[in-house]
Amino acid sequence: MIRVLVSSCLLGQPVRYNGSDAPSDKTILAQWKSEGRLVHFCPEIAAGFPTPRPPAETVGGDGKMVLLGKAKVFEDTGLDVTEMFVDGAKKALEYAKNNNVRIAILTDGSPSCGSTYVYDGHFKGGTTPGKGVTAELFEQNGIRVFSEDQIEDALEYLTDLEKLKP
Ligand code: SF4
């Protein structure tokens with residue numbers, strides 16, 4: 001069965017940096033859950049970050065540039081946490097591969113999970129188009145990433161994938 005990986009915070013788990021969860025349309029997610037299709041993962045918790053934790057942003061580019069070694073992830077304290085973010089992304093990919101995940105619904109804006117935008121590294125609320133580190137690593141490995149606002153698109157993509165099954 002093709003599985004869908006969802007950011008843990010979108011399923012109500014209070015794992016965000018500030019100890020909150022993130023809102024999402026639960027209807028399709030509930031359908032996938034009842035089909036046994038849904039798995040969830042938080043790359044930052046997997047990397048060993050506590051909750052709550054200081055906010056982090058990519059500096060010098062998005063997740064793609066981080067994976068190329070051309071940008072870094074910093075907490076607002078100035079601590080360089082790049083290595084932990086890359087580690088969390090690798091753990092998420094390993095988990096996804098072991099669970100036949102082909103689609104991910106990830107929380108937009110996060111330095112790990114962002115799929116259409118990330119914060120711009122100035123910690124002033126500014127954003128820039130791009131992906132988080134985990135979202136980028138997923139896409140590079142054939143896992144299609146959607147934001148929490150694109151769940152219907154993800155359902156369409158899943159339906160197409162299922163039709164291609166032998
Ligand atoms: S890393 Fe992803 S799953 Fe974890 S709290 Fe941040 S947005 Fe949610």
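Two residues are in contact here if their C-beta atoms, placed from the backbone, lie within 7 Å. Keep that in mind for the tour of this predicted model, where local features need pLDDT of at least 70, side-chain atom pairs count only at pLDDT 80 or more, and totals for chains, interfaces and linings use all residues. Residues are numbered from 1 along each chain as its sequence is written.

**Stop 1: two helices**

Select helix H4 (residues 82–98) and helix H5 (residues 133–140); helices are DSSP runs of H or I with at least four residues, strands are runs of E with at least two, and both are numbered from the N terminus. Axes are lines fitted to C-alpha atoms, for helices over the stretch in contact, and angles run from 0 to 180 degrees between N-to-C directions.

Now show the side chains: Phe85, Val86, Gly88, Ala89, Ala92, Leu93 and Ala96 of H4 meet Val133, Thr134, Leu137 and Phe138 of H5. This contact has 9 nonpolar residues, 2 polar and no charged (Ala, Val, Leu, Ile, Met, Phe, Trp, Tyr, Cys and Pro count as nonpolar, Asp, Glu, Lys and Arg as charged, and the others, Gly among them, as polar).

**Stop 2**

Move on to Asn100, in the loop between H4 and E5. Asn100 is not a glycine, yet its phi is positive, about 55°.

**Stop 3: the sheet**

Next, colour the open sheet, whose 4 parallel strands come in the order E2-E1-E5-E8 (two strands pair if DSSP finds at least two bridges between them). Strand E2 (38–41) and strand E8 (144–147) are the edges, each pairing on one side only. On average, neighbouring strands are turned by 25° against each other, direction ignored. Zoom in on strand E5 (residues 101–106), which 4 bridges join to E8; here Leu106 has Ser147 as its bridge partner.

**Stop 4: a cis bond**

Select Thr51 and Pro52, joined by a cis peptide bond with omega of about -5°. Pro52 sits in the loop between helix H2 (43–46) and strand E3 (56–59).

**Stop 5: the ligand**

Which residues are around the ligand? They are Ser7, Ser8, Cys9, Val15, Arg16, Cys42, Pro43, Glu44, Thr107, Ser110, Ser112 and Cys113, each with its C-beta atom, placed from the backbone, within 6 Å of the molecule. By class, this shell has 5 nonpolar, 5 polar and 2 charged residues.
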